[in-house]
Amino acid sequence: LLPLQSQLSQALNGLSDRAKEAKEFLVQLRNMVQQIQENSVEFEACLVAQCDALIDALNRRKAQLLSRVNKEHEHKLKVVRDQISHCTVKLRQTTGLMEYCLEVIKENDPSGFLQISDALIRRVHLTEDQWGKGTLTPRMTTDFDLNLDNAPLLQSIHQLDFVQMKVSSPVPAPPILQLEECCTHNNSATLSWKQPPLSTVQVEGYILELDDGNGGQFREVYVGKETMCTVDGLHFNSTYSARVKAFNKSGVSPYSKTLVLQTSEDTQSEEQTLPFPVPLERSQLRRMSPFSSTLNLQPSFSGRSYFELRSSAHQLSLHSSLQSLNSAVAWFSFDPASAHADIIFSNDNLTVTCNSYDDRVVLGKTGFSKGLHYWELSIDRYDNHPDPAFGVARIDVLKDAMLGKDDKAWAMYVDNNRSWFMHNNSHTNRTEGGITKGATVGVLLDLTRRTLTFSINEDQQGPVAFENLEGLFFPAVSLNRNVQVRVWSG
């Protein structure tokens, strides 16, 4: 008996706990009833206030529209009243003239009638002409040519509904920069990132930010769904910090760790005196990433160590050998994105021609703002004696005219006998010696001395072409369908 009593007692204790929980739950439900009532009153008041605000806005707009109608009303009345006044004066003058003419006709003295008849006839005709076409036509219509377009507002009112007040999904996690895929090349940087492996939160896009290369403020350089971005037009030999964040409808994630990138060096020895650097063999001008870059992956907060990845020994050796030539190394091809639509690209965008007989401009992909830069252009086809132009230009140069026609380009244009320098449509320094198929045009941009010099077949063509150059310059060529050119950079 005792074991059964003990078992029942234990069962009652469990049931008692459930009854206690039920009582507490009922108290919670009763409190919810009270809270629902209070929230309902508050929500109704908020809804009424929002709708009243919409009604007030509509009433204010109604008053503005009525004011416009009243102005149109006053304008119409003024025009009609002015026409009434003008027509009344003219009618009074015409009636008076008619009455005077009738009295003259009754005059019995022929000599007196003859003296004034000609003048009266001219005056009658003149008055009749003043009542010409349009005089007796209303200058204003009675209709109000105003039509209230209320359809969009009615549609919005019909679609007025409640939206979910609370966020149902979290913001994304910070993206992870993929160090092994991030690199610099000349004055451009490529960055790659991904979401954390275990993240299940949906991402709608990413925001990539870079500073100014001098420790300044970050600015957005890319917003979109891609997870890789190449940023062009950076300064050479500069250190940039990059970071990325993700976003969705719920908000924006924290920033990733900060990536520090060093762009390629772009220095020139002050002792360099040769007008053109000694050209490398063409077989050496392969795209082998000839730069010494350093990628530092740093946390966004201070006081922590950072991971450092340096270029391979081969790259460092190649960079050192190129630096020994006292010339900057900058590899580039022609840029289809900024070229005129008539330009035709081939050979990995290293070769260009044109499908138009008119001159069209194409730029290189890399812009230069400091240092020494030399590149060559080989003439692969030259028909019917055209005059292509070679030089540098701003990014917004005219693309449908010969290079140098505007103030955004500095160029040498050349035919089969002679050449000229041209900037802002001003031609200078005619120099004998032209180009043929197989010729090579060299361009030397020295932004340390701020000069631009040209060569043909490795011999300097004319004097220094341009001086006092400053800013960002892109390699540039203008040509037509009779010329085909290949660029040799580096």
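**Close-up views of a predicted model**

**View 1. The whole chain and its contacts.** Among contacts between residues at least 6 apart in sequence, 65% join residues at least 24 apart. The model is predicted. Its chain has four helices and 24 strands. Of the 490 residues, 36% count as buried. The accessible surface of the chain comes to about 30200 Å², and 53% of this surface belongs to carbon and sulfur atoms.

**View 2. An open sheet of seven strands.** The strands of this open sheet follow the order S12-S13-S24-S15-S20-S21-S22, and their pairing is antiparallel. Strand S12 (343–346) and S22 stand at the edges; each has a single partner strand, so one side of each is left without a neighbour in the sheet.

**View 3. The pairing of strands S21 and S22.** Strand S21 covers residues 451–456 and pairs with S22 in the antiparallel sense over two bridges. Ile456 stands opposite Asp459, a residue of S22.

**View 4. The aromatic pair of Trp410 and Phe473.** The structure holds 10 aromatic pairs. One of them is formed by Trp410 and Phe473, with 5.4 Å from centre to centre and 75 degrees between the planes, an edge-to-face arrangement. This pair links distant parts of the chain, as Trp410 and Phe473 are 63 residues apart. Trp410 belongs to strand S17 (residues 409–414), whereas Phe473 is in the loop between strand S22 (459–460) and strand S23 (474–479). Both Trp410 and Phe473 are buried.

**View 5. A cluster of aromatic rings.** Phe236, Phe332, Phe368 and Trp375 are linked into a cluster by ring pairs.

**View 6. Arginines over aromatic rings.** Arg243 has its charged end over the ring of Phe218, at 3.9 Å from the ring's centre. Arg481 lies over the face of Tyr357, and here the distance to the ring centre is 4.7 Å.

**View 7. Cysteines without a disulfide.** A search of the whole structure finds zero disulfides. A disulfide is a covalent bond between the sulfur atoms of two cysteines. For Cys51, the closest cysteine sulfur is that of Cys46, 9.5 Å away, which is too far for a bond; the cut-off for a disulfide is 2.5 Å. Cys51 is partly exposed, and its relative accessible area is 30%. Cys87 also counts as partly exposed, at 28% relative accessibility.

Methods: Residues numbered from 1 in each chain as written. Predicted model: local features only at pLDDT ≥ 70, side-chain atom pairs only at ≥ 80, totals over all residues. Heavy atoms only, no water. Buried < 20%, exposed > 50% of the residue type's maximum accessible area, 1.4 Å probe, protein only. Phe/Tyr/Trp six-rings, centres within 6.5 Å; stacked < 30°, edge-to-face > 60°. Lys NZ or Arg CZ within 6 Å of the ring centre and 35° of its normal. Pairing = 2+ DSSP bridges. Contact = heavy atoms within 4.5 Å. Areas by Shrake-Rupley, 256 points an atom, 1.4 Å probe, with all protein chains shown as cover.
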